[in-house]
Amino acid sequence: MSVRVVLAVAFALALLAAAQPAVDHATRTRERAAVSASAARVVDAVSALHRRSDPGATVGTAPRRTLRLDLPDGATVAFRADPPRLVSTRPSGARHQRTLPVRVAACGDESTLAGPTTLAYVDSGDGPVVLALRGFIRGNATTAAHACAPRPLRGGRPRLRL
């Protein structure tokens, strides 16, 4: 009886050791797919706003798209300027860049995207820009959490502080 138990435990451990590389590979593949899909959704949303819409004068009147970015731990999706691009980083540290047709900015210093993110296409006074705002924007988008601080007027229109 005890020989059977020892053999069963040894066999179970051998199966577990044989399956572990496949489990690790599946985890890495799933993480890579999640980061790639999130980056592709951001690029598609920014491109669609730029191609199909005119920039709004304010955040409240701007055309917008809301996305939910579900990223694995250790992964990031961030935007960069000059030239406008989106940089996605996998948990392994591998990076991938995608070009954007228009500049993307955020109100504040944070350039990474995560969770619910609203993209609003506005005319900043210095040209059109897609604002990446954290969370969902409801109503007329005039709450302090979603409004960028205005700069002085230029040509009778307020400019956004980015």
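1. S38 contacts. S38 is in contact with L69, D70 and L71, leaving aside its neighbours within four places in sequence. Contact here means heavy atoms within 4.5 Å. S38 lies in helix α1. The residue counts as buried because its relative accessible area is 2%. Buried means under 20% relative accessible area, exposed over 50%, and partly exposed in between (1.4 Å probe, protein chains only).

2. Basis of the model. This is a predicted model: local features need pLDDT of at least 70, side-chain atom pairs count only at pLDDT 80 or more, and totals for chains, interfaces and linings use all residues. Residues are numbered from 1 along each chain as its sequence is written, and side-chain values use heavy atoms, with hydrogens and water left out.

3. Overall make-up. The protein chain has 1 helix and 10 strands. Helices (H or I, at least four residues) and strands (E, at least two) are DSSP runs, numbered from the N terminus. The order of elements from the N terminus is α-β-β-β-β-β-β-β-β-β-β. The protein chain has 162 residues, and 31% of them count as buried. Among its contacts with a separation of 6 or more, 58% are between residues 24 or more positions apart. The accessible surface comes to about 9,600 Å², and 57% of that belongs to carbon and sulfur atoms. Accessible areas come from the Shrake-Rupley method with a 1.4 Å probe; for residues, only the protein chains shown count as cover.

4. The antiparallel sheet. Two strands pair if DSSP finds at least two bridges between them. Strand β2 (residues 76–80) and β6 run antiparallel and are joined by 2 bridges. V77 stands opposite L113 in β6. Axes are lines fitted to C-alpha atoms, for helices over the stretch in contact, and angles run from 0 to 180 degrees between N-to-C directions.

5. S88 in β3. S88 has its place in strand β3. This serine is buried, with a relative accessible area of 5%. Not counting residues up to four places away in sequence, S88 touches V35, A39, T76, V77, A94, R95 and H96.

6. The mixed sheet. A further open sheet of 4 strands has the order β1-β7-β8-β5, with mixed pairing. Here the edge strands are β1 and β5 (104–106), each pairing on one side only. From one strand to the next, the twist averages 30°. β5 and strand β8 (residues 128–134) run parallel, with 3 bridges joining them. A105 has L131 in β8 as its bridge partner. Helix α1 lies across β1, β5, β7 (115–123) and β8, and runs at about 180° to β1.

7. L67 in β1. L67 is found in strand β1 (residues 64–69). Is L67 buried or exposed? L67 is buried, with a relative accessible area of 13%. L67 touches R41, V42, A45, G115, P116, T117 and L119, not counting residues up to four places away in sequence. L67 and V42 are 25 residues apart in sequence, yet 7.6 Å apart in space, C-alpha to C-alpha.

8. A nonpolar surface patch. V5, V9, L13 and L16 form a nonpolar patch on the surface, with about 380 Å² of accessible area together. Patches are made of residues with over 30% relative accessible area and no salt bridge: like charges are joined within 9 Å, nonpolar side chains (Val, Leu, Ile, Met, Phe, Trp, Tyr) within 5 Å. A salt bridge is a side-chain nitrogen of Lys or Arg within 4 Å of a carboxyl oxygen of Asp or Glu. V9 is in helix α1. V9 counts as partly exposed because its relative accessibility is 47%.

9. The D82–P83 loop. Check the backbone here. D82 is found in the loop between β2 and β3, and P83 has its place in that loop too. A cis peptide bond joins D82 and P83, with omega about -5°. D82 has a positive phi of about 55°, although it is not a glycine. Most residues other than glycine have a negative phi, and most peptide bonds are trans. D82 counts as exposed, at 73% relative accessibility.
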